[in-house]
Amino acid sequence: MSSFLCKGNRGAKVVGINLAVLIVFGIVYGVYLNFSDDHWSHSGNDKPFLNGFYASSIIHTSVGFGDFYPKHFIGKILIIIHALFVFLFNLYAGLLACDLI
């Protein structure tokens with residue numbers, strides 16, 4: 001895996017894209033939380049964007065504490081899209097790192 005970080009700026013690009021996705025989905029979840037008070041299980045909606053970034057970081061890193069999850073269909077679809085994008089992008093980056101593609 002060290003060759004991955006040594007070949008040009010691939011490692012920096014992967015980190016940058018992952019951070020961009022984390023931020024974009026944090027904003028999306030924040031907007032969603034701002035307009036849908038009862039669609040997520042969490043303690044209050046006083047800081048929807050902070051909670052949105054919290055949800056994004058939990059989903060993006062696949063930690064999944066279980067304290068913050070969607071109750072409705074739209075939130076579940078957003079999480080599925082987010083998780084699939086992260087998985088497929090990092091799978092692609094891993095294959096690229098190993099010179100398999």
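# Close-up views of a predicted model

**Figure 1. Residue S56 lies in helix α3.** Helices are DSSP runs of H or I with at least four residues, strands are runs of E with at least two, and both are numbered from the N terminus. This is a predicted model, in which local features need pLDDT of at least 70 and side-chain atom pairs count only at pLDDT 80 or more, whereas totals for chains, interfaces and linings use all residues. Residues are numbered from 1 along each chain as its sequence is written, and side-chain values use heavy atoms, with hydrogens and water left out. S56 has a relative accessible area of 0% and is therefore buried; buried means under 20%, exposed over 50% and partly exposed in between, with a 1.4 Å probe and protein chains only. When residues up to four places away in sequence are not counted, S56 touches L22, F25, G26, Y29 and H82. A contact here means heavy atoms within 4.5 Å.

Figure 2. The chain has 101 residues, of which 34% count as buried. Among contacts with a separation of 6 or more, 61% join residues 24 or more positions apart. The accessible surface of the chain comes to about 6,400 Å², and carbon and sulfur atoms supply 72% of that area. Accessible areas come from the Shrake-Rupley method with a 1.4 Å probe; for residues, only the protein chains shown count as cover.

**Figure 3. Helix α3 covers residues 48-60.** With 13 residues at 1.5 Å a residue, this helix should span 18 Å, and its end C-alpha atoms are 18 Å apart, so the two values agree. The expected span is 1.5 Å times one less than the number of residues. The buried residues of α3 are P48, N51, G52, A55, S56, I58, I59 and H60. One of them, I58, counts as buried because its relative accessibility is 9%. I58 and L22 are 36 residues apart in sequence, yet their C-alpha atoms are 9.7 Å apart in space. I58 also touches V63, G64, F65 and D67, again not counting residues up to four places away in sequence.

**Figure 4. Just after α3, S62 takes a positive phi of about 55 degrees.** Most residues other than glycine have a negative phi. S62 has its positive phi although it is not a glycine. This residue is placed in the loop between α3 and β2 (69-70). Is S62 buried or exposed? S62 is exposed because its relative accessible area is 63%.

**Figure 5. Two aromatic pairs are found in the whole structure.** One of them is formed by F25 and Y29, whose rings are 5.9 Å apart centre to centre, with 40 degrees between the planes, and the pair is tilted. F25 and Y29 are four residues apart in helix α2 (residues 10-35), so about one helical turn separates them. F25 counts as buried at 12% relative accessibility, and Y29 is buried with a relative accessible area of 0%. The rings of F85 and F89 have centres 6.3 Å apart and planes at 5 degrees, so this pair is stacked. Rings of Phe, Tyr and Trp (its six-membered ring) pair if their centres lie within 6.5 Å; planes under 30 degrees apart count as stacked, over 60 as edge-to-face and the rest as tilted.

**Figure 6. F85 and F89 both lie in helix α4 (residues 73-97).** They are four residues apart, about one turn of the helix. F85 is partly exposed, with a relative accessible area of 39%, whereas F89 counts as buried at 17% relative accessibility. Which residues does F89 contact beyond its neighbours within four places in sequence? F89 is in contact with V14, I17 and N18. F89 and I17 are 72 residues apart along the chain, while their C-alpha atoms are separated by 9.1 Å.

**Figure 7. A nonpolar patch lies on the surface.** F73, I74, I77, I80, I81, L84, F87, L88, L91 and L95 form this patch, with about 960 Å² of accessible area together. Patches are made of residues with over 30% relative accessible area and no salt bridge; like charges are joined within 9 Å, and nonpolar side chains (Val, Leu, Ile, Met, Phe, Trp, Tyr) within 5 Å. A salt bridge is a side-chain nitrogen of Lys or Arg within 4 Å of a carboxyl oxygen of Asp or Glu. I81 has its place in helix α4, and at 47% relative accessibility I81 counts as partly exposed.
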